[in-house]
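Subject: A structure for you to look at

Hello,

I am passing on the structure we talked about, and my notes follow below it. Please have a look at it alongside them.

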Amino acid sequence: VTVYLLLAPLVAAYPHTLAGCGPRNMYVDLGASWCNTLQLHTQLEEAAARSGPWMVFAFEAAPLIAPYLESCAVELAAGRPIPPAPVPPTGSTADFLEYVRSHDKLRVCSKEGVRDPTRWRHIKECVFALPEMVRNMTSLSADPVLGSRETVDARLAAAGQCPGRHSI
């Protein structure tokens, strides 16, 4: 059992006790961004040797990305796969160029010169000018509920509960 709990970027000390819970396995993703490291704990040898449920705590400071991270947490908690990212889920130029090379719809922007480091700006401009990318970029918006005091308090309270079920 894995519990995916997205904690908003605002974190405060929250006193709680876990008497009677027993040991817990926790994975903390402090830069969950595009959810590409959200399940990393499942690939670690040390984690595979542990028994019991896992609690995953994901943090993302970028307000435009946090709603996507929320949707990832909802899907994973329901036992479904991570949804596709609305824009290339990359953090560096090298990752971005690799992503472009590996996706048919974007490959039109890369041609053969994708490995030429002087062309990355042209490639990036081309990708983000594609109609689908323009549509996806304009659809990104911050969700003020994710950073609200009520949401933060509720999720910190949930983090203090004994694991055993999927929750958000």
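Let me start with a charged pair: Glu-132 and Lys-105 form a salt bridge, with their closest N and O atoms 3.5 Å apart (a salt bridge here is a side-chain nitrogen of Lys or Arg within 4 Å of a carboxyl oxygen of Asp or Glu). The pair links distant parts of the chain, 27 residues apart, as Glu-132 belongs to helix 6 (residues 131–139) and Lys-105 to helix 4 (residues 104–107). Glu-132 is partly exposed, with a relative accessible area of 33%, whereas Lys-105 counts as exposed at 62%. Buried means under 20% relative accessible area, exposed over 50%, and partly exposed in between, using a 1.4 Å probe and protein chains only.

A word on the source: this is a predicted model, in which local features need pLDDT of at least 70 and side-chain atom pairs count only at pLDDT 80 or more, while totals for chains, interfaces and linings use all residues. Residues are numbered from 1 along each chain as its sequence is written, and side-chain values use heavy atoms, with hydrogens and water left out.

For orientation, the chain has seven helices and three strands, in the order β-β-α-β-α-α-α-α-α-α along the sequence. Helices (H or I, at least four residues) and strands (E, at least two) are DSSP runs, numbered from the N terminus. Of the 168 residues in the chain, 36% are buried.

Back to the charges: the salt bridge count comes to six. Among them is Glu-75 with Arg-80, at 2.6 Å from N to O. Asp-153 and Arg-149 also meet in a salt bridge (3.1 Å, N to O); both lie in helix 7 (residues 149–159), four residues apart, or about one turn of the helix.

Next, the aromatic rings. Rings of Phe, Tyr and Trp (its six-membered ring) pair if their centres lie within 6.5 Å; planes under 30 degrees apart count as stacked, over 60 as edge-to-face and the rest as tilted. By this rule there are two aromatic pairs. The Trp-34 and Tyr-68 pair is tilted, because the ring centres are 5.5 Å apart and the planes stand at 50°. Trp-34 sits in the loop between strand 2 and helix 1 (45–48) and Tyr-68 in helix 2 (residues 66–77), so this pair ties together parts that are 34 residues apart in sequence. Both Trp-34 and Tyr-68 are buried. Phe-96 and Phe-128 are stacked, since their ring centres are 5.9 Å apart and their planes at 15°. Phe-96 is in helix 3 (residues 93–102) and Phe-128 in helix 5 (residues 120–129), so parts 32 residues apart in sequence are tied together. Lys-124 lies over the face of Phe-96, 5.6 Å from the ring centre (a charge sits over a ring if NZ of Lys or CZ of Arg is within 6 Å of the ring centre and within 35 degrees of the ring normal).

What about the largest nonpolar core? It has 16 residues, and those with the most contacts inside it are Trp-34, Cys-35, Leu-38, Tyr-68 and Leu-69. Helix 2 gives the most to this core, with four residues. Such a core is a set of buried Ala, Val, Leu, Ile, Met, Phe, Trp, Tyr and Cys residues joined through side-chain atoms within 4.5 Å.

Best wishes
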